Amino acid sequence: MELKTLFKFAPNKLEGEENTLVRKKTFVNCTSCGNDILKKDIKDALYICNVCNYYYKISARKRIMLLTDDDSFYEFDKDFRSTNILGFPEYDEKLNKAYEKTKENEAVITGKAKIDDIECCIFAMETNFIMASMGAVVGDKITRIFEYATENNLPVIGIIASGGARMQEGIISLMQMAKVSGAVKKHSDAGNFYLSLLTHPTTGGVEASFAMLGDVIIAEPGALVGFAGPRVIEQTLRKKLPENFQRAEEVLKCGFIDDIVDRVEQREYISKMLKYNRKA
(Lines give C-alpha, C1' and ligand atoms only; values in the text may rest on other atoms or scores of the structure.)
Protein backbone atom coordinates (compact mmCIF):
# COMPACT_ATOMS: atom_id res chain seq x y z
CA MET A 1 0.00 0.00 0.00
CA GLU A 2 2.76 2.43 0.87
CA LEU A 3 4.62 1.52 -2.33
CA LYS A 4 1.54 2.19 -4.48
CA THR A 5 1.01 5.53 -2.77
CA LEU A 6 4.60 6.46 -3.44
CA PHE A 7 4.33 5.69 -7.15
CA LYS A 8 0.97 7.39 -7.39
CA PHE A 9 2.22 10.75 -6.12
CA ALA A 10 5.82 10.77 -7.39
CA PRO A 11 4.88 11.86 -10.97
CA ASN A 12 2.79 14.74 -9.58
CA LYS A 13 5.73 15.87 -7.46
CA LEU A 14 8.05 15.68 -10.47
CA GLU A 15 5.56 17.66 -12.55
CA GLY A 16 5.45 20.34 -9.87
CA GLU A 17 9.25 20.57 -9.81
CA GLU A 18 9.33 20.90 -13.60
CA ASN A 19 6.72 23.66 -13.48
CA THR A 20 8.78 25.52 -10.87
CA LEU A 21 11.90 25.17 -13.04
CA VAL A 22 10.04 26.46 -16.11
CA ARG A 23 8.73 29.43 -14.12
CA LYS A 24 12.23 30.30 -12.90
CA LYS A 25 13.53 30.23 -16.46
CA THR A 26 10.60 32.25 -17.83
CA PHE A 27 9.66 34.70 -15.09
CA VAL A 28 11.40 37.02 -12.64
CA ASN A 29 9.81 38.00 -9.34
CA CYS A 30 10.09 41.80 -9.11
CA THR A 31 12.02 42.80 -6.00
CA SER A 32 9.91 45.96 -5.72
CA CYS A 33 6.26 45.02 -6.39
CA GLY A 34 6.51 41.23 -6.02
CA ASN A 35 4.77 40.46 -9.31
CA ASP A 36 6.00 37.71 -11.63
CA ILE A 37 7.16 39.40 -14.83
CA LEU A 38 8.21 37.66 -18.03
CA LYS A 39 11.99 37.87 -18.37
CA LYS A 40 11.52 38.75 -22.03
CA ASP A 41 9.31 41.71 -21.08
CA ILE A 42 11.92 42.94 -18.57
CA LYS A 43 14.66 42.68 -21.21
CA ASP A 44 12.56 44.39 -23.90
CA ALA A 45 11.86 47.24 -21.46
CA LEU A 46 15.62 47.70 -20.87
CA TYR A 47 15.40 45.98 -17.47
CA ILE A 48 12.56 48.04 -16.06
CA CYS A 49 9.54 46.40 -14.39
CA ASN A 50 6.47 47.02 -16.57
CA VAL A 51 4.19 46.93 -13.52
CA CYS A 52 5.85 49.23 -10.96
CA ASN A 53 8.57 50.88 -13.11
CA TYR A 54 11.35 49.53 -10.87
CA TYR A 55 14.81 50.01 -12.39
CA TYR A 56 16.98 46.91 -12.25
CA LYS A 57 20.75 47.32 -12.13
CA ILE A 58 22.45 46.34 -15.37
CA SER A 59 26.09 45.59 -16.08
CA ALA A 60 28.57 48.20 -17.26
CA ARG A 61 29.03 46.45 -20.62
CA LYS A 62 25.27 46.31 -21.17
CA ARG A 63 25.06 50.03 -20.38
CA ILE A 64 27.67 50.78 -23.03
CA MET A 65 25.94 48.50 -25.53
CA LEU A 66 22.56 50.22 -24.98
CA LEU A 67 23.98 53.70 -25.58
CA THR A 68 26.50 53.22 -28.40
CA ASP A 69 26.35 52.33 -32.07
CA ASP A 70 26.67 48.64 -32.90
CA ASP A 71 30.27 47.35 -32.91
CA SER A 72 31.68 50.86 -32.36
CA PHE A 73 33.07 50.39 -28.84
CA TYR A 74 36.83 49.95 -28.52
CA GLU A 75 38.01 49.20 -24.99
CA PHE A 76 41.05 50.82 -23.32
CA ASP A 77 43.21 49.49 -20.48
CA LYS A 78 41.30 46.22 -20.28
CA ASP A 79 44.09 44.37 -18.45
CA PHE A 80 44.49 46.87 -15.59
CA ARG A 81 43.90 45.12 -12.26
CA SER A 82 44.04 46.14 -8.60
CA THR A 83 46.58 44.70 -6.19
CA ASN A 84 46.54 44.63 -2.42
CA ILE A 85 48.77 47.70 -2.07
CA LEU A 86 48.41 48.02 1.71
CA GLY A 87 48.21 44.33 2.56
CA PHE A 88 44.63 44.84 3.75
CA PRO A 89 43.16 41.69 5.36
CA GLU A 90 40.98 39.59 3.01
CA TYR A 91 41.23 42.14 0.16
CA ASP A 92 42.82 39.58 -2.18
CA GLU A 93 39.90 37.21 -1.59
CA LYS A 94 37.40 40.01 -2.21
CA LEU A 95 39.12 40.91 -5.50
CA ASN A 96 39.14 37.28 -6.63
CA LYS A 97 35.43 36.93 -5.88
CA ALA A 98 34.75 40.10 -7.88
CA TYR A 99 36.75 38.74 -10.85
CA GLU A 100 34.81 35.48 -10.77
CA LYS A 101 31.42 37.15 -10.36
CA THR A 102 31.75 39.80 -13.07
CA LYS A 103 34.38 38.36 -15.43
CA GLU A 104 35.83 41.89 -15.36
CA ASN A 105 39.28 43.01 -14.21
CA GLU A 106 38.06 46.16 -12.47
CA ALA A 107 35.04 48.20 -11.42
CA VAL A 108 35.11 50.47 -14.47
CA ILE A 109 35.20 49.89 -18.23
CA THR A 110 36.65 52.63 -20.43
CA GLY A 111 37.04 53.18 -24.15
CA LYS A 112 35.88 55.09 -27.18
CA ALA A 113 32.75 54.58 -29.26
CA LYS A 114 30.20 56.30 -31.46
CA ILE A 115 26.70 57.45 -30.55
CA ASP A 116 24.65 58.19 -33.65
CA ASP A 117 27.95 58.32 -35.53
CA ILE A 118 29.46 60.93 -33.17
CA GLU A 119 32.80 59.79 -31.78
CA CYS A 120 33.20 60.04 -28.02
CA CYS A 121 34.98 58.53 -25.05
CA ILE A 122 32.88 56.58 -22.59
CA PHE A 123 33.26 54.90 -19.22
CA ALA A 124 30.83 52.79 -17.23
CA MET A 125 31.10 51.63 -13.63
CA GLU A 126 30.30 48.02 -12.65
CA THR A 127 28.32 47.79 -9.40
CA ASN A 128 28.84 44.04 -9.10
CA PHE A 129 32.59 44.62 -8.70
CA ILE A 130 32.97 45.55 -5.01
CA MET A 131 30.05 47.97 -5.41
CA ALA A 132 31.93 49.91 -8.13
CA SER A 133 34.17 51.33 -5.44
CA MET A 134 37.02 53.61 -6.53
CA GLY A 135 40.55 52.45 -5.88
CA ALA A 136 43.84 53.34 -7.55
CA VAL A 137 43.10 51.42 -10.77
CA VAL A 138 39.57 52.81 -11.16
CA GLY A 139 40.95 56.33 -10.67
CA ASP A 140 43.78 55.68 -13.10
CA LYS A 141 41.52 54.30 -15.83
CA ILE A 142 39.08 57.22 -15.61
CA THR A 143 41.94 59.74 -15.52
CA ARG A 144 43.47 58.15 -18.62
CA ILE A 145 40.18 58.27 -20.56
CA PHE A 146 39.86 62.00 -19.83
CA GLU A 147 43.49 62.57 -20.85
CA TYR A 148 42.91 60.69 -24.11
CA ALA A 149 39.73 62.69 -24.75
CA THR A 150 41.59 65.95 -24.10
CA GLU A 151 44.42 65.04 -26.49
CA ASN A 152 41.94 64.06 -29.20
CA ASN A 153 39.29 66.75 -28.56
CA LEU A 154 36.55 64.23 -27.80
CA PRO A 155 33.53 64.48 -25.49
CA VAL A 156 33.24 62.08 -22.55
CA ILE A 157 30.14 60.20 -21.43
CA GLY A 158 30.33 58.82 -17.89
CA ILE A 159 27.85 56.18 -16.68
CA ILE A 160 28.35 56.38 -12.96
CA ALA A 161 27.42 54.24 -9.97
CA SER A 162 29.50 53.66 -6.88
CA GLY A 163 29.55 52.98 -3.18
CA GLY A 164 32.43 55.47 -2.92
CA ALA A 165 36.17 55.21 -2.31
CA ARG A 166 37.53 51.68 -1.77
CA MET A 167 38.30 51.40 1.94
CA GLN A 168 40.84 48.59 1.41
CA GLU A 169 43.17 51.09 -0.31
CA GLY A 170 42.95 53.79 2.35
CA ILE A 171 44.29 57.24 1.50
CA ILE A 172 45.34 56.01 -1.96
CA SER A 173 41.68 55.60 -2.89
CA LEU A 174 40.82 59.09 -1.58
CA MET A 175 43.64 60.59 -3.66
CA GLN A 176 41.77 59.49 -6.79
CA MET A 177 39.11 62.14 -6.15
CA ALA A 178 41.62 64.96 -6.79
CA LYS A 179 43.42 63.04 -9.53
CA VAL A 180 40.32 62.42 -11.65
CA SER A 181 38.90 65.89 -10.94
CA GLY A 182 42.14 67.44 -12.23
CA ALA A 183 41.85 65.47 -15.47
CA VAL A 184 38.21 66.57 -15.84
CA LYS A 185 39.26 70.23 -15.37
CA LYS A 186 41.94 69.99 -18.09
CA HIS A 187 39.40 68.36 -20.41
CA SER A 188 36.96 71.21 -19.73
CA ASP A 189 39.62 73.93 -20.10
CA ALA A 190 40.35 72.57 -23.57
CA GLY A 191 36.72 73.26 -24.50
CA ASN A 192 35.49 69.67 -24.42
CA PHE A 193 32.09 68.38 -23.29
CA TYR A 194 31.45 65.95 -20.42
CA LEU A 195 28.07 64.42 -19.60
CA SER A 196 27.63 62.35 -16.45
CA LEU A 197 24.75 59.91 -16.07
CA LEU A 198 24.14 59.06 -12.42
CA THR A 199 22.64 55.64 -11.76
CA HIS A 200 21.71 53.86 -8.54
CA PRO A 201 23.59 54.39 -6.28
CA THR A 202 26.06 57.24 -6.79
CA THR A 203 27.62 57.96 -3.40
CA GLY A 204 30.76 58.71 -1.40
CA GLY A 205 33.99 59.98 -2.93
CA VAL A 206 32.75 59.35 -6.47
CA GLU A 207 29.67 61.54 -5.94
CA ALA A 208 31.88 64.15 -4.26
CA SER A 209 34.22 64.37 -7.25
CA PHE A 210 33.90 63.56 -10.94
CA ALA A 211 30.25 62.43 -10.81
CA MET A 212 29.13 66.01 -10.14
CA LEU A 213 31.56 67.75 -12.51
CA GLY A 214 29.71 67.13 -15.76
CA ASP A 215 28.74 70.02 -18.01
CA VAL A 216 25.39 68.26 -18.06
CA ILE A 217 24.44 65.96 -15.16
CA ILE A 218 21.50 63.61 -15.58
CA ALA A 219 20.19 60.77 -13.45
CA GLU A 220 17.94 57.76 -13.73
CA PRO A 221 14.59 57.91 -11.91
CA GLY A 222 14.88 56.95 -8.25
CA ALA A 223 18.67 56.82 -8.22
CA LEU A 224 20.31 57.44 -4.84
CA VAL A 225 22.65 60.42 -5.15
CA GLY A 226 24.55 61.69 -2.13
CA PHE A 227 27.78 61.63 -0.16
CA ALA A 228 26.95 59.78 3.07
CA GLY A 229 24.06 57.35 2.68
CA PRO A 230 20.70 57.98 4.40
CA ARG A 231 21.28 55.18 6.91
CA VAL A 232 24.53 56.79 8.11
CA ILE A 233 22.89 60.23 8.31
CA GLU A 234 19.94 58.86 10.29
CA GLN A 235 22.29 57.18 12.77
CA THR A 236 24.31 60.39 13.14
CA LEU A 237 21.37 62.78 13.52
CA ARG A 238 19.14 60.25 15.28
CA LYS A 239 16.27 61.51 13.17
CA LYS A 240 14.05 59.83 10.58
CA LEU A 241 14.72 61.24 7.11
CA PRO A 242 12.04 62.02 4.49
CA GLU A 243 11.09 59.06 2.28
CA ASN A 244 12.66 60.44 -0.92
CA PHE A 245 15.77 61.85 0.76
CA GLN A 246 18.75 61.83 -1.66
CA ARG A 247 16.69 60.34 -4.48
CA ALA A 248 17.21 61.83 -7.94
CA GLU A 249 13.84 63.61 -7.88
CA GLU A 250 14.71 65.50 -4.69
CA VAL A 251 18.29 66.17 -5.84
CA LEU A 252 16.87 67.72 -9.02
CA LYS A 253 14.62 70.02 -6.97
CA CYS A 254 17.69 71.19 -5.05
CA GLY A 255 19.46 72.07 -8.32
CA PHE A 256 22.34 69.59 -8.06
CA ILE A 257 21.48 67.78 -11.31
CA ASP A 258 20.08 69.04 -14.59
CA ASP A 259 17.55 66.40 -15.57
CA ILE A 260 16.08 62.97 -14.88
CA VAL A 261 16.00 60.79 -17.97
CA ASP A 262 14.21 57.46 -18.34
CA ARG A 263 16.45 54.62 -19.44
CA VAL A 264 14.59 54.14 -22.72
CA GLU A 265 15.23 57.80 -23.63
CA GLN A 266 18.89 58.07 -22.57
CA ARG A 267 20.50 57.24 -25.90
CA GLU A 268 18.44 59.86 -27.77
CA TYR A 269 18.99 62.44 -25.01
CA ILE A 270 22.77 61.92 -24.94
CA SER A 271 22.93 61.98 -28.75
CA LYS A 272 21.22 65.41 -28.74
CA MET A 273 23.61 66.71 -26.09
CA LEU A 274 26.59 65.55 -28.14
CA LYS A 275 25.22 67.30 -31.24
CA TYR A 276 24.50 70.53 -29.35
CA ASN A 277 27.98 70.60 -27.81
CA ARG A 278 29.97 69.45 -30.83
CA LYS A 279 33.25 71.30 -31.29
CA ALA A 280 33.50 73.29 -34.51
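Arg166 is buried, at a relative accessible area of 1% (buried means under 20%, exposed over 50%, partly exposed in between, with a 1.4 Å probe and protein chains only). Keep in mind that this is a predicted model, where local features need pLDDT of at least 70, side-chain atom pairs count only at pLDDT 80 or more, and totals for chains, interfaces and linings use all residues. Residues are numbered from 1 along each chain as its sequence is written, and side-chain values use heavy atoms, leaving out hydrogens and water.

So who does Arg166 pair with? Its side chain meets that of Glu106 in a salt bridge (a side-chain nitrogen of Lys or Arg within 4 Å of a carboxyl oxygen of Asp or Glu). Glu106 is buried too, at 2%. By this rule the count comes to 16 salt bridges, including these:

| Pair | N to O distance |
|---|---|
| Glu106 and Arg166 | 3.2 Å |
| Asp77 and Arg144 | 2.8 Å |
| Glu75 and Arg61 | 2.9 Å |

Asp77 is buried at 17% relative accessibility, while Arg144 is partly exposed at 37%.

Over at Arg61, salt bridges that share partners join Arg61, Glu75 and Glu104 into one network. Arg61 counts as partly exposed at 31%, whereas Glu75 is buried at 17% and Glu104 is buried at 9%.

Then there's the greasy part. The largest nonpolar core has 38 residues, and Phe123, Phe146, Ile160, Leu198 and Phe210 touch the most other members. Such a core is a set of buried Ala, Val, Leu, Ile, Met, Phe, Trp, Tyr and Cys residues joined through side-chain atoms within 4.5 Å. Apart from it lies another core of 21 residues, with Ala113, Cys120, Leu197 and Val261 among them.
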